[in-house]
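Reader: I would like to go through this model term by term. For each label, please set the value against the cut-off.

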Amino acid sequence: MPNQLARSKKRKTVAEHAAVLEMLELVAAKESKTSTDLLREAARRIIREYAQQGEGAAELFKAFRAFSPKLPEHTHKPRDLVRFKKESREYDNLALDLGFKQVSDVQESNSIHSESAPPVLMGHL
């Protein structure tokens with residue numbers, strides 16, 4: 001039996017119709033973007049809207065947290081920490097973009113100070 005989908009079966013690919021992809025390419029060209037950029041924007045918009053509805057926000061945030069960057073147990077080279085810091089910044093930016101966190105939440109989680117008060121400088125010790 002050939003490996004083909006019957007007309008009644010639902011296709012699981014983005015390329016369900018070549019016409020859809022061609023139209024996406026035309027829109028992308030008019031907006032000076034790539035089709036991948038448009039797909040990424042649409043996916044993020046859908047996630048953002050679903051998270052704002054409240055009913056699925058906890059489930060989405062749980063799935064999002066599963067991909068949080070983990071500090072390496074053993075850092076042999078400085079580039080290990082640089083890679084972790086880069087992944088952390090990307091993760092925080094995505095959390096802000098999707099609406100899972102506010103700027104103040106990100107600042108609080110990344111700050112070494114537990115309070116929002118500025119550090120006290122002491123001189124002449």
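Author: Gladly. This is a predicted model.

Reader: Which residues of α1 and α2 make the contact?

Author: From α1, Leu-24, Glu-25, Val-27 and Ala-28. From α2, Ser-35, Leu-38 and Leu-39. Of these, Ser-35 and Leu-38 are buried in α2, and so is Ala-51.

Reader: What do the buried residues of α2 pack against?

Author: They pack against α1 and α3.

Reader: Why is Ser-32 called exposed?

Author: Its relative accessibility is 68%. Exposed means over 50%. Ser-32 therefore counts as exposed. Ser-32 sits in the loop between α1 and α2. Its phi is positive, about 55°, although Ser-32 is not a glycine.

Reader: And why is Arg-45 called partly exposed?

Author: Arg-45 has a relative accessible area of 43%. Buried would need under 20%, exposed over 50%. The value lies in between, so Arg-45 is partly exposed. Arg-45 belongs to helix α2. Across the fold, Arg-45 and Asp-97 are 52 residues apart in sequence, yet 9.4 Å apart in space, C-alpha to C-alpha.

Reader: How do you know that the span of α2 is close to the expected one?

Author: α2 has 19 residues and reaches 28 Å from its first C-alpha to its last. At 1.5 Å a residue, 27 Å is expected. The two values are close. After α2 comes Gly-54, with a positive phi near 95°.

Reader: How does the span of α4 compare with the expected one?

Author: It is close as well: α4 has 21 residues and reaches 31 Å, against 30 Å expected. Gly-99 follows α4, and its phi is positive, near 85°.

Reader: Which residues of α4 are buried?

Author: Asp-80, Phe-84, Ser-88, Tyr-91, Asp-92, Ala-95 and Leu-98.

Reader: How do you know that they are on the same side of α4?

Author: They cover an arc of only 135° around the axis, which puts them on the same side of α4. An α-helix has 3.6 residues a turn, so residues three or four places apart point the same way. On the other side of α4, Pro-78, Val-82, Lys-85 and Asn-93 are exposed.

Reader: What does the buried side of α4 pack against?

Author: The buried residues of α4 pack against α2 (35–53), α3 (57–65) and α5 (103–110).

Reader: Which residues make up the largest nonpolar core?

Author: Ala-51, Phe-64, Tyr-91, Ala-95, Leu-98 and Phe-100, 6 residues in all. Helix α4 (residues 78–98) gives the most to this core, with 3 residues.

Reader: What makes that set a nonpolar core?

Author: Its members must be buried, of a listed nonpolar type, and joined through side-chain atoms within 4.5 Å. Leu-98 is one of the members. Beyond its neighbours within four places in sequence, Leu-98 is in contact with Arg-44, Ile-47, Arg-48 and Phe-64. Phe-64 belongs to the core as well.

Reader: What is the overall pattern along the sequence?

Author: The pattern is α-α-α-α-α. The protein has 5 helices and 0 strands. Of its 125 residues, 14% count as buried.

Conventions
Residues numbered from 1 in each chain as written. Predicted model: local features only at pLDDT ≥ 70, side-chain atom pairs only at ≥ 80, totals over all residues. Heavy atoms only, no water. Buried < 20%, exposed > 50% of the residue type's maximum accessible area, 1.4 Å probe, protein only. Helix = DSSP H or I, 4+ residues; strand = E, 2+ residues; numbered from the N terminus. Contact = heavy atoms within 4.5 Å. Expected span 1.5 Å × (residues − 1). Arc of directions from axis to C-beta.
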